[in-house]
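Me: I would like to know how the labels given to this structure follow from their definitions. Please set each value against its cut-off.

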Amino acid sequence: MPTREKTYEAVLAILLGVLLLARIQGHAGWWWVALGLVLAALVALPLARGVAWAWLKLADLLGAFVSRVLLSVVYLLVLTPMALIQRLAGKNPLRTVAPDGGSSFVERGHRFEPKDLEKPW
């Protein structure tokens with residue numbers, strides 16, 4: 001169960017949404033819903049905790065779904081076209097495949113000196 005503070009935060013978030021709906025739609029029923037939420041939060045704490053629990057579970061479900069959908073859209077609309085363009089252009093910035101089909105090892109030929117270890121970052 002959510003704590004008392006989380007319960008009131010969730011009920012206030014729902015109340016804000018209901019009040020915005022009441023203001024936008026102008027329907028009197030939303031004002032009664034808002035009044036019921038306030039009374040539930042002030043008078044019946046267990047009822048308010050139930051409302052807060054349901055609200056937080058809905059937020060968890062939406063968060064899990066939206067994050068997967070959003071990441072999938074970014075992957076498909078941003079990363080995939082970039083990879084296809086680089087592949088069509090013949091670029092290989094990570095040097096994962098050697099141009100001659102041999103090893104992809106690149107010899108650097110750098111001699112380490114004490115100053116290389118002064119600031120490793």
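Reply: Axes here are lines fitted to C-alpha atoms, for helices over the stretch in contact, and angles run from 0 to 180 degrees between N-to-C directions. The model is predicted, so local features need pLDDT of at least 70 and side-chain atom pairs pLDDT 80 or more, while totals for chains, interfaces and linings use all residues. Residues are numbered from 1 along each chain as its sequence is written, and side-chain values use heavy atoms, without hydrogens and water.

Me: Why is α2 called oblique to α3?

Reply: Helix α2 (residues 28-42) and α3 pack at an angle of about 120 degrees, with axes 6 Å apart. Angles under 35 degrees count as roughly parallel, over 145 as roughly antiparallel, 65 to 115 as roughly perpendicular and the rest as oblique. The angle therefore makes α2 oblique to α3.

Me: Why is α1 called roughly perpendicular to α3?

Reply: Helix α1 (residues 4-25) and helix α3 (residues 45-89) pack at about 70 degrees, with their axes 8 Å apart. That angle makes α1 roughly perpendicular to α3. By class, this contact has 10 nonpolar, 1 polar and 2 charged residues.

Me: How do you know that the protein is more spread out than a compact globule?

Reply: The protein has 3 helices and 0 strands (DSSP runs, H or I of at least four residues for helices and E of at least two for strands, numbered from the N terminus). Its radius of gyration, 28 Å, is well over the 14 Å that the globule rule gives for 121 residues, so the protein is more spread out than a compact globule. The radius is taken over C-alpha atoms, and the rule is 2.2 Å times the number of residues to the power 0.38.

Technical notes: Nonpolar A, V, L, I, M, F, W, Y, C, P; charged D, E, K, R; others polar.
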